[in-house]
Protein chains: 2
Amino acid sequence: MRNWKFAISSADEAPDSAPILLKGDICEILKEAARLGYDAVEIHVRETDDIDYEVIKKCRDEYNIKISAIVTGRLNTHGKCNLMDDIPYIAHAAVEGIKTYIGIASNLDADIVLGWVRGNVPPGGRKSKYMSRLAKKLKILAEFAAQRNVKIFVEVINRYETNVFNTAKEIVVFLENYNIPNCYVHLDTFHMNIDEVDSAEAIITCGEKLGYM
Amino acid sequence: MRNWKFAISSADEAPDSAPILLKGDICEILKEAARLGYDAVEIHVRETDDIDYEVIKKCRDEYNIKISAIVTGRLNTHGKCNLMDDIPYIAHAAVEGIKTYIGIASNLDADIVLGWVRGNVPPGGRKSKYMSRLAKKLKILAEFAAQRNVKIFVEVINRYETNVFNTAKEIVVFLENYNIPNCYVHLDTFHMNIDEVDSAEAIITCGEKLGYM
């Protein structure tokens, strides 16, 4: 029994240093990913981009491939938004942007990845205050997503790139403590290699909460 | 035949997040390291600290332990100096500070570790210009050190902490290209785990140039 399906990362454009394997026109990407034997494509996109759903769905079905996840990182790297910001219009724009991503994912039968857009605890900030703020916003988003049949995959990212959720356990405990539904852990071997003491143990810790890897 | 000798890191004081295992009075550190079975102690210290060589040598000999290396990182983290800086008095202070470290090492029959104090290529800077500047200064220091029977161990540090010398090969090629004597590669499994494609291959690449690990 094979439970794993494999996806490949993609974007319309990205710097060579980014971990994006296929770049360019989405239909060409879907075709190439199918040719390479992947089950699905992961898409990095701005939440503001115009998306021609009919064309994408047509290509997707033609090449018999799926879209696994819409990645929200650009709302942070380009859009400078994050969910735990002290500035209310930044945190608010993060929520609104993620809702747009959830809409995109819903239209394409995909889920979303939530990484950098969660934000960072600022220097000197009390962590519990920011985590509580994040939890409140994430709960709203998780419910919004559930209504649209979309899951949220919260990404474990290493200590050099973010100061919250560096390990699988941190996310699992957070989701439990704040009782947040419809959110799952997204693991990445690159990050695990830096901050997990034992990668196998990290997977076991996620258990049913492992959503995407 | 056992070629490896083991050292443990130490400092008078350091934050809990630093990879420093023994902290406090140097004589207590030497005693504890000897008790734990280490062959030597690595010391993180400011180049401006007063050092009571007689006391240290007495403890060192009493506990039959050596001092493997004096680590220069604090000249950068606290002293804000680096060898490739565009500001001449900063680069000059880096050279002078490292000479002081070489003097300390010479007095204690140790070598020195050169990590962050090498500096970074600034955003938009032409790498070859900065590497050539670094090479010129490192050559002066390498000769200064050789005269005092001290080796320089240049540390491989991962991409998140510095933008030069992220792999063993990068240092080996640099030392060869600029024909710099008396410098060796310092490998650290934490950094190797992030940026070396193959850790065993990195060690082989160093060959005779592997100085400290």
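Arg35(A) is exposed, with a relative accessible area of 61% (buried is under 20% relative accessible area, exposed over 50% and partly exposed in between, using a 1.4 Å probe and protein chains only). Its salt-bridge partner is Glu32(A), with the closest N and O atoms 2.9 Å apart (a salt bridge puts a side-chain nitrogen of Lys or Arg within 4 Å of a carboxyl oxygen of Asp or Glu). Glu32(A) counts as partly exposed, at 26% relative accessibility.

This is a predicted model, where local features need pLDDT of at least 70 and side-chain atom pairs count only at pLDDT 80 or more, while totals for chains, interfaces and linings use all residues. Residues are numbered from 1 along each chain as its sequence is written, chains are lettered from A and ligands numbered from 1 in the order in which they are written, and side-chain values use heavy atoms, with hydrogens and water left out.

**Salt bridges**

- Over all chains, a search of the whole structure turns up 18 salt bridges.
- Arg35(A) and Glu32(A) sit in helix H1 (residues 26-35) of chain A, three residues apart, or about one turn of the helix (helices are DSSP runs of H or I with at least four residues, strands are runs of E with at least two, and both are numbered from the N terminus).
- In chain B, Arg46(B) pairs with Glu47(B) at 2.8 Å, N to O, and Glu47(B) is buried at 12% relative accessible area.
- Arg60(B) and Asp61(B) also make a salt bridge, at 3.2 Å, N to O; Arg60(B) is buried, with a relative accessible area of 9%.
- Over in chain A, salt bridges with shared partners tie Arg60(A), Asp61(A) and Asp109(A) into one network.

**Where the chains meet**

- Seven residues of chain A are in contact with seven residues of chain B (contact means heavy atoms within 4.5 Å).
- The two chains bury about 640 Å² between them, 54% of it on carbon and sulfur atoms (buried area is the accessible area, with a 1.4 Å probe, that two parts lose on being put together, summed over both).
- Tyr160(A), Phe190(A) and Asn193(A) lose the most area on the chain A side, together 73% of what that side buries.
- That side of chain A has three nonpolar, two polar and two charged residues (Ala, Val, Leu, Ile, Met, Phe, Trp, Tyr, Cys and Pro count as nonpolar, Asp, Glu, Lys and Arg as charged, and the others, Gly among them, as polar).

**Helix H1 of chain B**

- H1(B) (residues 26-35) has Ile26(B), Cys27(B), Ile29(B), Leu30(B) and Ala33(B) as its buried residues.
- Seen down the helix axis, those residues fall within an arc of 160 degrees, so they line one face of H1(B) (the arc is that of the directions from the helix axis to the C-beta atoms).
- Their cover includes E1, E2, strand E3 (40-44), helix H2 (53-62) and strand E4 (66-71) of chain B.
- At the start of H1(B), a side-chain oxygen of Asp25(B) comes within 3.1 Å of the backbone nitrogen of Cys27(B).
- Just after H1(B), Gly37(B) has a positive phi of about 95 degrees.

- Asp12(B) is in the loop between strand E1 (7-11) and strand E2 (22-23), and is partly exposed at 43% relative accessible area.
- Glu42(B) belongs to strand E3 and is buried, with a relative accessible area of 13%.
- A polar contact of 2.8 Å links the side chains of Glu42(B) and Tyr212(B).

**Ser9 in chain A**

- Ser9(A) lies in strand E1 (residues 7-11) of chain A and is buried, at 10% relative accessible area.
- Its side chain reaches the backbone oxygen of Pro19(A) at 3.0 Å, and a polar atom of the Ser9(A) side chain is 3.2 Å from the backbone nitrogen of Leu21(A).
- Beyond neighbours within four places in sequence, the contacts of Ser9(A) include Glu42(A) and His44(A).

How values were computed: Polar contact = N/O pair within 3.5 Å; in protein donor to acceptor, adjacent residues only side chain to side chain.
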